[in-house]
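Trainee: Hello! Could you show me how to read some features of a protein model?
Mentor: Gladly; let us look at it together.

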Amino acid sequence: MHSAGVKGALWLAFSSVVAALGQQSIISTSSHGAEMQIAGGSVGKGQILVSSNDYWGVIRAAGDLAVDFGRVTGINYTLSNGEKHAAPATYTYHPVNNMNNTFYSTTGTAHFTGPAYADYSPKSVVIIAGTIGNSTIIDKLISSKAIDVSSVKGKWESFTSQVVNNPVSGCSKALVIAGSDPRGTIYGIYDISEQIGVSPWYFWADSPPKRSKNLYVTSKKKVQGPPSVKYRGFFLNDEQPALTDWVASRWPDTPYGPGFGHEFYSLVFELLLRLRANYLWPAIWATMFEVDDPANQPLADAYEVVLGSSHTEPLMRAQNEFGHFYPGPWAYNLNNKTIDDYFRYGVQRAKPYARNSLWTMGMRGTGDTAIEGLGTDLIVQMLDILVKNQRQIMSDGLGVADITTVPQMWCLYKEVMSYIFAGLQVPDDVTLLWADDNWGNVRRLPLLNETQRTGGAGIYYHFDYVGDPRDYKWINTIQLSKTAEQMHMAYARGADRIWIVNVGDLKALEIPINHFFDLAYDANRWDVDSTDDWAVAWAAREFGSEHAKDIADVMIKYGTYAARRKFELIEPETYSVINYNEADAVLQQWADLVAKAQAIYDKLPAETQAAYFETVLHPALAGQIVNQVYIGGARNNLYAGQKRNAANTVVQEVLGYSAADAKLTRRWNALLGGKWNHFMDQTHLGYDGYWQQPMRNTLPSMIYVQTDFASLAGQLGIGVEGSNATVKGDDKYHANSGNDLTVPPLDPYGPATRYFDVFSRGTEECAWNISASEPWLKLSQTHGIVGGNHPDTRVYISVDWKSAPKAPYSETVKISFTTCRGFDRYGYSDPHVLVPVNVRSVPSSFTKGFVEADGYVAFAGAHYSAILPPSQSTPANKNVTYHTFAHYGRISSGVGLVPQNTEKLTLATAPALEYDLYLFTNTSAANVTLYLSPSLNYLGDATPLEYAVSLVPASSSSSSSSSSSAAAVKYVQPVGVTVGANMPAGWGEAAANGVWSGKYTTSSFAVPAEGAYKLRVWALLPGVVVQKVVVDLGGVRPSYLGPPESFLVGRDVVGKRDGTSFLSDPE
C-alpha cells in the first residue's frame, strides 16, 4: 500500500491520462504505447455498437457514451445495433392506474424510447458494448474466443474492457466492453465516459467536460469488479424546502403533489449509475414515488436501478399512501386486514419490476415514528407475525415458492434495533440493515456469530437529518475521514451487503456522496487512510490537475471546520471569546480557508468556476458567515456587559454578515441563469434550542449600548483575557469597587503572550499610559488614545525569559494605568492589570514529554511517546496496534486500534498509548479527560465501548503495557445502555460536540509531588478513538475545543513557541 500522499502524487504524475476515479485507466490523450485510437485522426465520427437483444438500460447508457464523446471532442458519436434503418430500442410497461391505489389495475401500454440508432457502419465502430448472455455480438466474440470473460462471467456488476482485432466484419479493431450483468455493462460504458473526460456530476454540479481532440486506448485489457458492497445507494429525504421547491419550479405538479416524476428521476438514476451506485430510496416527504407518476417505478427498472423504499415504507409503498388511500390507523394490532391488503397491492404493483427490487420489511409507527401504545414484548410478538405475513404476501404475489431468493432487508432504525435485543427473530435471509445514530456514528455492527447469516448485514448512514439534537440539512457538514473510519469499521466487520446514505436534497452534498460510493465500490482501493488521496483525485477529475492539491486541501479543511460543530448547532456561546483565543482562532481558520478558496476560483478557467463555486467555494463562504454571525453575537454580549461603545459596532458588523448571507444566497440563485434556484431555501440561522428548523433566518440576540453619556466609571475601560470583568467600575464578575484584574499566568512552557483590552465606554477621547513593575515584562504598546476616531486597543503581554529571574520564581507583576479622569476619580482608583509569572524548569533528565503550564497539560491523542505492546500475546492480538487517523476529528487527528474488526481486548491483551508528562502541581484530583470520537456500543451494550487509563509517577512505571498496579488503573465505559427508543445518556451532547468528554470520560488521579509522570491509555475496542487528552490540575477554563496543546520537550523551544490558541497545535 502506498504511504500517505503517494497515491495522490501518482494521480497527478499521470495527469495526461484521464482516469475514472481510483480505477485502472485505459484511456489517454497521448498516443504513446496506445493500442488503438478512438477519437481524432482518421476516426471521424465514431460508432458504438450494441445488440438489439441487450437490456434497454445498457443501450440507453451506450447512447449517453455517444453523446459524451461529443461533449469531449465536439463530435457526437453514433449508436448502432448492426442494422440499417433500425427503430430505437423500447422498454414496454403497463402504467399503474394511479387514480385507484387500493385495487391494482393498469391503464394500457406505454414505452420508454431509447437513443436513436444510426445505420450500421463497421468501419466507424470503435466501441462494442454488451452483456454476457444477452448480447448476440458479445456472445459470438466469446464463442470464437476473441474475448476472454472468465474473470467476470457470473460475477456481480463486473466488466472487462478489451481491445479486439477484427471483432466484426469490416471493423479492424474495437474496444469491447463485456459486462457480467446489465449494470456491469453500464459501469463499463460509463467508465469510458469518465475516462474520456465527462464527470458523473456534469449535470448535478455542472462539471465541464475535459476537451480532447485525440483519445487512445492504452491497455489491451481491463477487468473491474465486483464491487466491495453489493447494494450502494442514497435516500432522498428531508427534501423540503430545497429539493421540493426546485422540483416544483421546474416540472408541473402531479395529481398528488410536486413534480417528482420520471423527468426528475431520470437525472437521479443516471447520476447513480455514473457513480457506480445501484440503489435508491426515493423522496418521501411530499411525494409518493409509485403513485405521483406511473412511469417512475418502471423507469427505475428500465435504467437498471434497484428500487427500494425507506426504513418506514415496507413492501414498496410510499409512506404517504396509507394515509391518502386507506381507512383506519397505521397499527397492525388494530388494522391488520387493511394493512395486509395495503401490502398486497404494493407487491402486485412492483411484481413486473421485481428483478430490480430490494424489499423493505417490518414496520414503524405513523410518520417515521416509533410504534405507540404497546410494550416492547407485544411489539416484538406483533412484528414476528407481521413479517411472516409479509413474506407470505410476497411469495403469493410474486409467484415465488422460495421467498429466500427474493432480496429483502429490515432496517433496524432507532427503536427497532432494541427489538432485536428483546428477542425479535429476523429470518436468516433478510439483510440486517443496521443504522447510525443519524449523526454518522454507527450504532451496531455484526457480531461474530452473525457474520454467517445468508442475508448479511448493511448500514444506513446519514449526511442529513431532521431531529434531535437539531436538524442539519442546509449544506455539506461531512468530514470525509470520519466517514471512512466508520464505514471501514462496518466493512471490516462484514456489513457489506447494503450501504445506503441519507443525502437530503442531494445538491450541496456532491463531495461526500461521491466519496461514500467510492468507498462502497472499492474499499480496498480507497482504504481508511485514503481520504487525502481521494480528495486530490476528485479535484483533479472535476477541475484539472493544476490546482488539485490546493483544492483538496480546501476540501479537507472545510470538512474539519464544518463538522466540528454543524452550522445549525452553532450558538453565541459555542466558542469562547475570552479563553484560549478560541473564537478568534476559529474565525482565522475560516478567513484563511476562504482566502485560499477564492484565490483558486480566480485562477480557474471560466468554464469550471460554476462547478467549483457550487461544491467548494460556496460552502466555504457560507460557513465563514455563519461563524461570523454567532461569534459576533457572542462578542457583542461580552462588549455590552463591559459597556463598551464597540458593542454597537459589532451589532452593525453582524447585520453586515446577515446581509452577506442573503447576498450569497442570491448569488447562488442566479447562478447559470437560475438553474439551481431554491436549493438554498433552507433556513440556517436562528435555531434557538429547539431541534426543528426556524421558519425564517434570524440573528442571535444582541444588546445595544446607549452611548450618549459616559460610563459612571469613566471614559475608558479595561478587560482582560479569561474574564468578562471590567475595570474601573463594578460588575458581577469581580469584587465591588475592585480595580484590579488578573490575566492568566505566564510561564516559560505556556503561551507566549497574554492580553488585555483598553476600550472606550464614553463620549470623548481618552489618553492612556501604562507601565510594568518589572523591566522584563514586555508590553506591545505602552500608550494610546481610545474614543473619538481612535479604535480600542489590545495590548499583548510577554516575558523576556532571558532577563527574567531564574527558576524557581513565582510572583505577580503589576501593570499600572494612568488615564484621563473626570468625576469618576471620586469613586474609582486607577486600575491595574496583574500578571502572575511562574518561572520554572524541568530537570535535564526529562528529555521528552509534555509540560504543565497554566494548571493543565493538553495534547492530541496521536502525539503519544510510545505504543507499549500487550503483556499477553494471543493469536487474536498478534497484529493489533494503534493507528493515527489523519485530518480527523475536531482539530487534526485521532488515534485508535486497528485492525478495525478486532474483538474486545483486556488490559493484558491490549497495547497501550503512553504519554510522558512533567507536572508541577501536586493535587489529590488531577482530572484526566479524554476527548473521544462519539462512537457507540457497536457490539451491543453487553460489550460496551471501554478504555482503561492510569497516571503514575514515571519512577514507578515500567515498559510493560499492563505494569500499572490494579489500583492505579481506572476503567471507563463512556457509552451507557440503550433503553427502547432512547439513546444512551449524554449522547445528544456528544453528537453535537463531536466528542464524548466531560463526566463521561474524566478520571481523577492523585499527583503527590512535582515530577515526571506516565499517562497510559488502553483502548479496549477499535471504536475508542482518542482525539485529545486534557489533564486538569486546576487551571482549565471553559472552551469548546479545550486548551491548546502543551509544550513538548524535544519538539518545542522556550521563547520560540506561540501556544496562545489551537492554531499553533502541530498536526
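Mentor: Let me begin with a term: helices and strands are DSSP runs, numbered from the N terminus. Please also keep in mind that this is a predicted model.

Trainee: With those labels, where is Pro469?
Mentor: Pro469 sits in the loop between strand S18 (457–462) and helix H13 (480–492). The peptide bond leading from Asp468 to Pro469 is cis, and its omega is near -5°.

Trainee: Now helices, please. How do I describe two that pack together?
Mentor: Two packed helices are described by the angle between their axes and the distance between the axes. Here, take H15 (residues 531–543) and H16 (residues 548–563): their axes come within 8 Å and cross at roughly 125°. That makes H15 oblique to H16. The crossing of these two helices, H15 and H16, is right-handed.

Trainee: Which residues of H15 and H16 meet?
Mentor: On the H15 side they include Trp534, Trp538 and Phe543, and on the H16 side Ile551, Met555 and Ile556 are among them. By type, the residues of the contact of H15 with H16 divide into 12 nonpolar, 1 polar and 2 charged.

Trainee: How many residues does helix H4 have?
Mentor: H4 (residues 182–196) has 15 residues. From its first C-alpha to its last, H4 reaches 22 Å, close to the 21 Å expected at 1.5 Å a residue. Because 15 of the 15 residues of H4 are buried, this helix is largely enclosed by the rest of the structure. After H4 comes Gly197, with a positive phi near 125°.

Trainee: Which value does phi take in Asp206?
Mentor: Phi of Asp206 is near 60°, which is positive in a residue other than glycine. Asp206 lies in the loop between H4 and strand S10 (215–217). Another case is Asp238, a residue other than glycine whose positive phi is near 55°. Asp238 is in the loop between strand S12 (231–236) and helix H5 (242–250).

Trainee: Does Asp238 count as buried or exposed?
Mentor: Asp238 has 4% relative accessibility, so it counts as buried. Asp206, at 13%, also counts as buried. Gly373, on the other hand, counts as exposed at 80% relative accessibility. You will find Gly373 in the loop between strand S15 (359–360) and helix H11 (376–398).

Conventions
Residues numbered from 1 in each chain as written. Predicted model: local features only at pLDDT ≥ 70, side-chain atom pairs only at ≥ 80, totals over all residues. Heavy atoms only, no water. Axes fitted to C-alpha atoms, helices over the stretch in contact; angles between N-to-C directions. Helix = DSSP H or I, 4+ residues; strand = E, 2+ residues; numbered from the N terminus. Parallel < 35°, antiparallel > 145°, perpendicular 65-115°, else oblique. Left-handed = near helix turned anticlockwise from the far one by under 90°. Contact = heavy atoms within 4.5 Å. Nonpolar A, V, L, I, M, F, W, Y, C, P; charged D, E, K, R; others polar. Expected span 1.5 Å × (residues − 1). Buried < 20%, exposed > 50% of the residue type's maximum accessible area, 1.4 Å probe, protein only.
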